[in-house]
Amino acid sequence: MAGQSTKIRLWKFVKITCLSLTGLLIVLLLVAAIRTFSLDVNVGLNLANWEKTKTIAPDISHKQRELLLANFKAAIRIPTVSFSETDLNTTALAEFNLLLERAFPMVFSSDLVKHEVVADYSHLFWVPGTDPTLMPYMLLAHIDVVPAAESDGWEAPPFSAAEIDGFIYGRGTIDNKQSVMGILQGLEYLLERDYRPRRGFYIALGHDEEVNGNAGAANMAKVLRSRGVQLAFVLDEGLAVLDGIISGLDGPAALIGISEKGMANVKLSVTTAPGHSSMPPRQTSIGILAAAVTRLEDSPMPRLFGSGPERGTFEHLAHKFGLPLRFIMSNIWLFSPLLGRVMERKPDTNAFVRTTTAVTMFNSGVKINIIAPYAEAFVNLRIHSAQTLQEVLDLIRSTVSDERVKVELVNGFDPLPVSAYDEAAFGFQIIKKTVLDMFPQVTVAPGVCVGNTDSRHYADLTRDLYRFAPTWFKPGDPQRFHGLNERISVKNYEELVTFYFLLFQNCDITKLPEPHGSDHELKQTVGCPSFRL
């Protein structure tokens, strides 16, 4: 009897547990279903009444169009290549300085625009606003480009600015001379129309971003810091408009970078006794280091998908996916482990799942019959927003787990803070509005830059750093970035000019609308109580 009673109690326990789990599953699925069909975080300010400001129409004449394209092509033809921090093409940079003055006479002659050259080749502009109580903002871009050689397989010489089938080919067309020239061209057109901004703004054009920006952006930030400047927001290069890039998404998406991954360059080295190859030890320096590198590649950093700002990206895009993807994207809180496992299968999406590890250099050996006494490898890591530099270093040492391998940090920094992107985020919403003014068919979402930009040098001047330019990427275009056949369509470059032309004017809005009928005003300050947004 006792045994039968125990079985009955056990059966009841199992039954209650199963019913409880079933009930919990039903509740979770119900919550997820409701969220799937009700979540649309994009509605907000799209339905609100924006403050009316005087707007100058971006009418570009045929003559102006010819001139702006000629100036852009001239910029591409100047090989402003950065090879390393100590090896820049300074002759080309000096030539570029002269081009800017010729291409934008109003910008350089206007009494309204204050211009100074920093570190010989970077340019800092200040345009004061008519309302000094409004906090200024800043636009960034960079003049330098990465190396390129025609022998690599370009369809046109990389510094020819050749126009083929409506596209301008050349190094810098999408990184980042389209923004350099587009920003100044937009300002030039406004100055020609006697525009005076309500909100003041800065433009900072760096000359060494491709080699860390320690001379250009860092020194311009230092100048602004010494003057006590605080900024409402900063807009730099970074993400773009993706058309047909995100599988399953209905229509193009404009991703505005709200953060960027951290970075670390780590050196692994092994030192052993030299010797002749006829009498080798059990393990050589090369073998020891190769084993350590293999352990790093076989043990990727932990999955962190859903614990960083990438969650906001999917929530903003969810309503543009069909089922079942919409169900999954709307409920990252529930499906992040599953989605992370799927995304890690491809290198381009794996970058959003974790801190990535790339062994980029391996050096050793002096002669074919000599046991190498020294071997070194360099590892580049891009750090996920949910991790720190120190955590990554600890994981590397734990994974290598060999006292014979010396692990050294060459340089690095933590991931950048996540900038605001809610309905009260002035910079994000103004950029978003400008995108939708031009491209109403686009879905705007926050995103994370897996690369690094000059914006990090200005992190103590503002709490909101954004990374975006309305460059359109179609399938195959992301590979052109730092790769072969970099190009931009003539139409898209003209759109960039118009975008900045409108952005300058949209930034004259003094406060954001109230999407839900509340009566509070946006008068937040960013470290400077005499300013309002």
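**Strands, sheet and rings**

Tutor: This is a predicted model. Both faces of strand 17 are covered, with Thr 443, Ala 445, Gly 447 and Cys 449 buried on one side and Val 444, Pro 446 and Val 448 buried on the other.

Student: How many of the residues of strand 17 are buried?

Tutor: Buried means under 20% relative accessible area. Strand 17 covers residues 443-449 and is mostly covered. The count of buried residues is 7 of 7.

Student: Which residue of strand 17 is the bridge partner of Leu 255?

Tutor: Strands of a sheet pair through backbone hydrogen bonds, either parallel or antiparallel. Strand 10 (residues 253-260) and strand 17 run parallel and are joined by 7 bridges. In strand 17, the partner of Leu 255 is Ala 445.

Student: Is Asn 380 buried or exposed?

Tutor: Asn 380 lies in strand 15, residues 374-383. Its relative accessible area is 16%, and the cut-off for buried is under 20%. Therefore Asn 380 is buried.

Student: Which side chain does the side chain of Asn 380 join in a polar contact?

Tutor: Leaving aside neighbours within four places in sequence, Asn 380 is in contact with several residues, among them Met 263, Ala 264, Asn 265 and Thr 356. One of these contacts is also a polar contact between side chains, at 2.8 Å. The partner is Asn 265.

Student: Why is one side of strand 6 and of strand 19 left without a neighbour in the sheet?

Tutor: The open sheet has 3 strands in the order 6-7-19, paired antiparallel. Strand 6 (163-164) and strand 19 (487-489) stand at the edges, so each has a single partner strand.

Student: What angle does the direction of helix 15 make with that of strand 19?

Tutor: Helix 15 (residues 490-506) packs on the sheet and touches strand 6, strand 7 and strand 19. Its direction makes an angle with that of strand 19 of about 80°.

Student: Which residue has its charged end over the ring of Phe 167?

Tutor: Strand 7 (residues 167-169) is joined to strand 19 by 3 bridges, and Phe 167 stands opposite Ser 489 in strand 19. A charged end sits over the ring of Phe 167, 3.8 Å from its centre. That end belongs to Arg 487.

Student: How many aromatic pairs does the structure hold?

Tutor: One aromatic cluster includes Tyr 137, Phe 201, Phe 233 and Tyr 421. Phe 426, Phe 428, Tyr 466 and Phe 504 also belong to that cluster. For the structure, the number of aromatic pairs is 15.

Methods. Residues are numbered from 1 along each chain as its sequence is written. This is a predicted model: local features need pLDDT of at least 70, side-chain atom pairs count only at pLDDT 80 or more; totals for chains, interfaces and linings use all residues. Side-chain values use heavy atoms; hydrogens and water are left out. Two strands pair if DSSP finds at least two bridges between them. Helices (H or I, at least four residues) and strands (E, at least two) are DSSP runs, numbered from the N terminus. Contact means heavy atoms within 4.5 Å. Axes are lines fitted to C-alpha atoms, for helices over the stretch in contact, and angles run from 0 to 180 degrees between N-to-C directions. Buried means under 20% relative accessible area, exposed over 50%, partly exposed in between (1.4 Å probe, protein chains only). A polar contact is a pair of N or O atoms within 3.5 Å; within protein, one must be able to donate a hydrogen and the other to accept it, and residues adjacent in sequence count only if both atoms are side-chain atoms. Rings of Phe, Tyr and Trp (its six-membered ring) pair if their centres lie within 6.5 Å; planes under 30 degrees apart count as stacked, over 60 as edge-to-face and the rest as tilted. A charge sits over a ring if NZ of Lys or CZ of Arg is within 6 Å of the ring centre and within 35 degrees of the ring normal.
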